[in-house]
Amino acid sequence: MPNSNRKTIFTTISIDKETAALVEKICKRYSLKKSEVVKLAFGYIDKAHINPSEAPESVKSELAKINKRQNDIIRFIHHYEEEQLNPMIRVTNSIALRFDTIGKTLEALILSQLEASQEKHKAVLKKLSEQFCNHADVINNQSKQINALYQIHQRDYKKLLHLIQLYSELSACGVMDSKRKENLKTEIGNPINA
C-alpha cells in the first residue's frame, strides 16, 4: 500500500550491469543521484524529440545533421538577403540618390533665383541712386541759382538804398547848390547805367 504522506510515488526499473555502470559514472561526474540522472535524461529525450529506439549512428553523423541544419539556415539567410534585403537596400539607395539630386537641383534653382532677384534689386537701387543724384544735382543747381539771384537782389537793393539816399540828398539841396545838384545827378546816373 503506497504511503499517503509522500507526494512522489517511486517505481523501480531493471537495467543491466553495463547501463548501471554508465549511470554510476554520470552520477559521480555531475554529483547527482541516480533518480535525478534518469529524470534529467528522460526530460532531455522528451524535449529534444529523440526516439530512443533509433540510436544515433555516430557523433559525426549527428554533427553532420547539425551542420546541415546550420547550412540550411545560412542558405535561408543568404536567400532572404538576396531576394529581400539587397533589393530594399538598392531601392533605398536609389531613392536617397534621387532625393539628393532633387535637393541639389532645388538648391541650385533657389540660388539662381536669389542671384537674379539680387541683380534686379541692385539694378533698381542703382536706378534710384541715379535718380536721387540727378535730383540732388538739380536741387544744387537751383540752390546756386537762388543764391546768385539773392546776391543780385542784395546788390540791387543796396543800389536802390544808395539811390534813395542820393535822391533824398538831391531833394534836400536847395536852389543855390547847383554844383552839388549836378554832382548828385551824375552820381545817380552812374548806378542806374551800371
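I26 lies in helix α1. In this predicted model, I26 has a relative accessibility of 27% and is partly exposed, because that label covers values between 20% and 50%. Between I26 and V37 there are 7.5 Å in space, taken from C-alpha to C-alpha, and the two are 11 residues apart in sequence. Helix α1, made of residues 17-30, is also where confidence in the chain is highest, with a mean pLDDT of 92.

Next comes helix α3, which spans residues 59-172 and contains L85. L85 is partly exposed, at 32% relative accessible area. With I73, F76, I77, Y80, M88 and I89, L85 makes a nonpolar surface patch of about 700 Å².

The largest nonpolar core has five residues: L163, L166, L170, L184 and I188. Both α3 and α4 supply at least two residues of this core, and the largest share, three residues, comes from α3.

How far can the model be trusted? The chain has an average pLDDT of 84, and 89% of the residues reach at least 70. Confidence is lowest in helix α4, residues 178-193, where the mean is 72. Where pLDDT is low, the predicted coordinates should not be read in detail.

Terms used. Residues are numbered from 1 along each chain as its sequence is written. This is a predicted model: local features need pLDDT of at least 70, side-chain atom pairs count only at pLDDT 80 or more; totals for chains, interfaces and linings use all residues. Side-chain values use heavy atoms; hydrogens and water are left out. pLDDT is the predictor's confidence in each residue, from 0 to 100. Helices (H or I, at least four residues) and strands (E, at least two) are DSSP runs, numbered from the N terminus. Patches are made of residues with over 30% relative accessible area and no salt bridge: like charges are joined within 9 Å, nonpolar side chains (Val, Leu, Ile, Met, Phe, Trp, Tyr) within 5 Å. Accessible areas come from the Shrake-Rupley method with a 1.4 Å probe; for residues, only the protein chains shown count as cover. A salt bridge is a side-chain nitrogen of Lys or Arg within 4 Å of a carboxyl oxygen of Asp or Glu. Buried means under 20% relative accessible area, exposed over 50%, partly exposed in between (1.4 Å probe, protein chains only). A nonpolar core is a set of buried Ala, Val, Leu, Ile, Met, Phe, Trp, Tyr and Cys residues joined through side-chain atoms within 4.5 Å.
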